[in-house]
Amino acid sequence: MTKSDDPSSLRAEPERRTPLDRAQVVRAAIELIDEHGAHALSMRRLGRRLNVEAMSLYKHVDSRDTLLDGVIAAIIDELFDDPETHLRETDSWSDYLVRVAHGVRRNALAHPNVFPLVATRPPEAPWIRPPLRSLPWVESFLLSLRTHGFDADAAVYTYRAFTSFLLGHLLLEVAALGADTGPIASPESTHPSGLRLDDYPNVQELRPKLTENAAAEEFDESLDNLLNRLQDVRTHGLL
């Protein structure tokens, strides 16, 4: 009897597990944070998700902090794959800023539980401001402005104003979606569950409008106002 005739040779071989790599570990961490928030991320929980021992993850990331840095880098890298966002301007400086702003916003809304990490985790250098915390994007940003007539002071001012605008608006927006923007060990809220508006007639009157979801319109309006201000800076300098 040949080996091929031996029934035992027909048994299925054990399924071979594809070895993990760093990209898979980081992607699984992003998915876990997307689903449960950054507070839920631990090496043990991530190991269970990947069906491996937690200690084996340290072959790919040195620590939880290193893993968080990898998560942020991967989220920023998603901007490179956004077809509407370009490293170099394709029309004008204002078109470039609009594309970047909306690209970051799409990114934040796709990963609302991750964005607070992008926004608040200390960057690699103090002059890298979230959420554009990638050297290619910072270089692209400054180059695009200076190519279109912004001097050094105006370009830096624009960089600061633009990133502050993005952080302020998008942190509020992801918080409204339920993202935790507080510290890791945040105390339980002591605010009352119901608010009496008798002493606040304007709030009471405008409450229906205040509860409307106008985030997209507010984003575009604030962006337009910022671009108009930056046009003045470009033309007249800082006043």
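Helix α1 (residues 22-36) has 15 residues, which at 1.5 Å a residue should span 21 Å, and its end C-alpha atoms are 21 Å apart, in agreement with that value. The expected span is taken as 1.5 Å times one less than the number of residues in the helix. Helices (H or I, at least four residues) and strands (E, at least two) are DSSP runs, numbered from the N terminus. The structure is a predicted model, in which local features need pLDDT of at least 70 and side-chain atom pairs count only at pLDDT 80 or more, while totals for chains, interfaces and linings use all residues. Residues are numbered from 1 along each chain as its sequence is written, and side-chain values use heavy atoms, with hydrogens and water left out.

The protein has 9 helices and 0 strands, and its pattern along the sequence is α-α-α-α-α-α-α-α-α. Of its 239 residues, 36% count as buried. Buried means under 20% relative accessible area, exposed over 50%, and partly exposed in between, with a 1.4 Å probe and protein chains only. Among contacts in the protein with a separation of 6 or more, 70% come from residues 24 or more positions apart, a contact being heavy atoms within 4.5 Å.

The buried residues of α1 are Val25, Val26, Ala28, Ala29, Ile30, Leu32 and Ile33. An α-helix has 3.6 residues a turn, so residues three or four places apart point the same way. The cover over the buried residues of α1 includes α2 (43-50), α3 (64-77) and α5 (115-120). Just after α1, Gly37 has a positive phi of about 95°.

Two further backbone features lie in loops. Most residues other than glycine have a negative phi, and most peptide bonds are trans. Asn51, in the loop between α2 and α3, has a positive phi near 60°. Asn51 is exposed, with a relative accessible area of 54%. The peptide bond from Pro130 to Pro131 is cis, with omega near 0°, and Pro131 lies in the loop between α5 and α6 (135-147).

Thr85 is placed in the loop between α3 and α4. With a relative accessibility of 5%, Thr85 counts as buried. A polar atom of the Thr85 side chain lies 3.3 Å from the backbone oxygen of Arg99. Not counting residues up to four places away in sequence, Thr85 touches Leu79, Arg99, Val100, Gly103, Arg106 and Trp137.

Leu170 belongs to helix α7 (residues 152-176). The relative accessible area of Leu170 is 0%, so Leu170 is buried. Its contacts, leaving aside neighbours within four places in sequence, are Val104, Arg105, Ala108, Phe115 and Phe219.

Grid points are joined across faces, edges and corners, and a volume is the space filled by probe spheres set on the points.

The structure holds 1 cavity of 30 Å³ or more. The largest cavity contains about 60 Å³ of space and is lined by Ile75, Ile76, Leu79, Val104, Asn107, Ala108, Phe115, Val118 and Pro131. Two or more residues of this lining come from each of α3, α4 (93-110) and α5, and the largest share, 3 residues, is from α4. The lining of the largest cavity has 8 nonpolar residues, 1 polar and no charged.

The largest pocket has a volume of about 290 Å³. Its lining includes Asp69, Ile72, Asp77, Glu124 and Arg133, and α3 gives the most to that lining, with 5 residues.

Conventions. On a 1 Å grid over the protein atoms alone, a cavity is a set of points where a 1.4 Å probe fits but cannot get out, and a pocket is an open set with protein on both sides within 12 Å along at least five of seven lines; lining residues have an atom within 4 Å of a point. Ala, Val, Leu, Ile, Met, Phe, Trp, Tyr, Cys and Pro count as nonpolar, Asp, Glu, Lys and Arg as charged, and the others, Gly among them, as polar. A polar contact is a pair of N or O atoms within 3.5 Å; within protein, one must be able to donate a hydrogen and the other to accept it, and residues adjacent in sequence count only if both atoms are side-chain atoms.
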